[in-house]
Amino acid sequence: MALFSNTRVTTLTREADKQRDLRNWAEAAELYGKALDLLGSHKNRFRFLVQKGNCLKEAGEFDGALVAYDEAQAINQSDSDLHLQRGHLFKLMNRTDRKST
């Protein structure tokens, strides 16, 4: 399946990107979540999980962000941006006792 071959996923992620760019973090996270629901176990889940986590982090929903990042990490443990984002999240959570790996 090619990236964005599903019209509904494309529509949702474009709107999520737009809301993210407008800093409407909660709305963007919700839209990424809907797209993820449609993707199921598709290989492209990773990028949208990271975006959802980023938006939740910016919205102050730290626990939800961590769940999204953990799921993304289960898909790709070597992504440097994900490790950076997890580190930022842990800093915001005042969690210096846990590595971001």
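Of the 101 residues in this chain, 41% count as buried. The model is a predicted one. The chain holds five helices and zero strands. Read from the N terminus, its elements run α-α-α-α-α. Among contacts with a separation of 6 or more, 41% link residues 24 or more positions apart.

**The nonpolar core**

- The largest nonpolar core has 25 residues.
- Tyr 32, Cys 55, Ala 72, Leu 82 and Leu 89 touch the most other members of this core.
- Helix 2 supplies the largest share, eight residues.
- In soluble globular proteins, nonpolar side chains tend to be buried together.
- Leu 82 is in contact with Phe 46, Val 50, Tyr 69, Ala 72, Gln 73 and Asn 76, leaving aside neighbours within four places in sequence.

**Helix 2 against helix 3**

- The axes of helix 2 and helix 3 are 8 Å apart, and the packing angle is about 155°.
- Angles over 145 degrees count as roughly antiparallel, so helix 2 and helix 3 are roughly antiparallel to each other.
- Their crossing is left-handed.
- Helix 2 makes this contact through Trp 25, Ala 28, Ala 29, Tyr 32, Gly 33, Leu 36 and Leu 39.
- Helix 3 makes it through Arg 45, Phe 48, Leu 49, Gln 51, Lys 52, Cys 55, Leu 56 and Glu 58.

**Helix 3 against helix 4**

- Helix 3 and helix 4 pack at an angle of about 160°, with axes 8 Å apart.
- Helix 3 and helix 4 are therefore roughly antiparallel to each other.
- The crossing of helix 3 and helix 4 is left-handed.
- On the helix 3 side, the residues are Arg 45, Phe 46, Leu 49, Val 50, Gly 53, Asn 54, Leu 56 and Lys 57.
- On the helix 4 side, they meet Phe 62, Gly 64, Ala 65, Ala 68, Tyr 69, Glu 71, Ala 72 and Ile 75.

- Leu 49 lies in helix 3.
- Leu 49 counts as buried because its relative accessible area is 2%, and buried means under 20%.
- Not counting residues up to four places away in sequence, Leu 49 touches Leu 36, Ala 68, Glu 71, Ala 72 and Ile 75.
- Leu 49 and Glu 71 are 22 residues apart along the chain, and their C-alpha atoms are separated by 7.2 Å.
- Arg 45 also lies in helix 3.
- Arg 45 is buried, at 12% relative accessible area.
- A polar atom of the Arg 45 side chain lies 2.7 Å from the backbone oxygen of Gly 40.
- With neighbours within four places in sequence left aside, Arg 45 is in contact with Leu 36, Leu 39, Gly 40, Glu 71 and Ile 75.

- Gln 73 is found in helix 4, which covers residues 62-75.
- Gln 73 is buried, with 12% relative accessible area.
- The side chains of Gln 73 and Arg 86 are joined by a polar contact of 3.1 Å.
- Gln 73 is also one of the residues in contact with Leu 82.
- Gln 85 lies in helix 5.
- Gln 85 is buried, and its relative accessible area is 12%.
- Gln 85 touches Asn 54, Lys 57 and Tyr 69, not counting residues up to four places away in sequence.
- Gln 85 and Leu 66 are 19 residues apart along the chain, with 9.9 Å between their C-alpha atoms.

**A loop residue with positive phi**

- Arg 23 sits in the loop between helix 1 and helix 2.
- Arg 23 counts as exposed because its relative accessibility is 62%, and exposed means over 50%.
- Phi of Arg 23 is near 70°, a positive value in a residue other than glycine.
- Most residues other than glycine have a negative phi.

Technical notes: Residues numbered from 1 in each chain as written. Predicted model: local features only at pLDDT ≥ 70, side-chain atom pairs only at ≥ 80, totals over all residues. Heavy atoms only, no water. Helix = DSSP H or I, 4+ residues; strand = E, 2+ residues; numbered from the N terminus. Buried < 20%, exposed > 50% of the residue type's maximum accessible area, 1.4 Å probe, protein only. Polar contact = N/O pair within 3.5 Å; in protein donor to acceptor, adjacent residues only side chain to side chain. Core = buried A, V, L, I, M, F, W, Y, C linked by side-chain atoms within 4.5 Å. Contact = heavy atoms within 4.5 Å. Axes fitted to C-alpha atoms, helices over the stretch in contact; angles between N-to-C directions. Parallel < 35°, antiparallel > 145°, perpendicular 65-115°, else oblique. Left-handed = near helix turned anticlockwise from the far one by under 90°.
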